[in-house]
Amino acid sequence: MNELKNVLVAGANGSTGRTIVNLLKKSETYKPIAMVRKQDQKDHFENQGVTTVLADLEEDLSNTVKNVDKVIFAAGSNGKNVIAVDQEGAKSLTDAAKQAGVQKFVMLSSMGADHPDETSNLEDYLIAKQNADTHLLTSGLNYSIVRPGQLTNSDGTGKIQLNEKLKIQGSISREDVAKTLVEALDSDVRQNQVFEIISGKVPIEIAVRS
């Protein structure tokens, strides 16, 4: 049996992050490392047998990527600190991953991050996401950048609509976003591509590979 690859999940304690960790726990390829900010969050994951690293996206991140094969960035400040967390935190983790020779970096971005000025109420957030995405694009790391539509807490369907640029707006469950991010870890999936996703009719594992 092949050794499992270590996947650092930044934002592991968020709704999407917890789903990602649970999917990785069941995976036959990957093993999650939950990156969290607080001791009680660390205890929560360690009680489930999940390897955990205590780190803050606003501080030095070089220790977080030791023995890490791949990274999923699913962290966010919920609009409270978009420059420091959503932008600079993502850039710092990208740099640390590059230093450490990480094999692939999967970024949770957002639809609209290519044209932040078109969505005035979210402009600051989308500019931060755009800057983080651009930093990853030019980093030299292998990447997939996933830009979902509006996130919902409804149950996942396991099916999505995917394109480099979707012509329509739409929503998607956090569960389906998490599954897409995990699928995107594979090196044969959308390597060095940016793509948008909303709820749809194609099974996720097929949509990301077609």
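Modeller: Start with Arg 209, which counts as partly exposed because its relative accessibility is 36% (buried is under 20% relative accessible area, exposed over 50%, partly exposed in between, with a 1.4 Å probe and protein chains only). Bear in mind that this is a predicted model, in which local features need pLDDT of at least 70 and side-chain atom pairs count only at pLDDT 80 or more, while totals for chains, interfaces and linings use all residues. Residues are numbered from 1 along each chain as its sequence is written, and side-chain values use heavy atoms, with hydrogens and water left out.

Biologist: Which side chain does Arg 209 meet in a salt bridge?

Modeller: Asp 188, at 3.5 Å from N to O. A salt bridge here is a side-chain nitrogen of Lys or Arg within 4 Å of a carboxyl oxygen of Asp or Glu. The pair links distant parts of the chain, 21 residues apart: Arg 209 is in the segment after helix H6 (204-207), and Asp 188 is in the loop between H5 and S10. Helices (H or I, at least four residues) and strands (E, at least two) are DSSP runs, numbered from the N terminus.

Biologist: Is Asp 188 buried or exposed?

Modeller: Exposed, with a relative accessible area of 53%. Salt bridges with shared partners also join Asp 188 and Arg 209 with Glu 183 and Asp 186 in one network.

Biologist: How many salt bridges does the whole structure have?

Modeller: The search finds 9. One of them joins Asp 133 and Arg 147, at 2.9 Å from N to O. Asp 133 lies in helix H4 and Arg 147 in strand S6 (residues 143-148), so this pair ties together parts that are 14 residues apart in sequence. Both residues are buried.

Biologist: What about Lys 42, which residue is its salt bridge partner?

Modeller: Glu 46, with the closest N and O atoms 2.9 Å apart. Lys 42 is buried at 17% relative accessible area, whereas Glu 46 is partly exposed at 36%.

Biologist: Which residues lie nearest its centre?

Modeller: Gly 76, Ser 77, Asn 78, Asp 86 and Tyr 125, out of 50 lining residues. H4 gives the most to the lining, with 3 residues.

Biologist: And the second largest pocket, what is its volume?

Modeller: About 160 Å³. Its lining includes Leu 23, Lys 26, Lys 179, Glu 183 and Asp 186. H5 supplies the largest share, 3 residues.

Biologist: Last one, where is Glu 196?

Modeller: In strand S10 (residues 193-199). Glu 196 counts as buried because its relative accessibility is 2%. A polar atom of its side chain lies 2.8 Å from the backbone nitrogen of Leu 166.

Biologist: What else is Glu 196 in contact with?

Modeller: Leaving aside neighbours within four places in sequence, its contacts (heavy atoms within 4.5 Å) include Met 111, Asp 114, Arg 147 and Gln 161.

Methods:
A polar contact is a pair of N or O atoms within 3.5 Å; within protein, one must be able to donate a hydrogen and the other to accept it, and residues adjacent in sequence count only if both atoms are side-chain atoms. On a 1 Å grid over the protein atoms alone, a cavity is a set of points where a 1.4 Å probe fits but cannot get out, and a pocket is an open set with protein on both sides within 12 Å along at least five of seven lines; lining residues have an atom within 4 Å of a point. Grid points are joined across faces, edges and corners, and a volume is the space filled by probe spheres set on the points.
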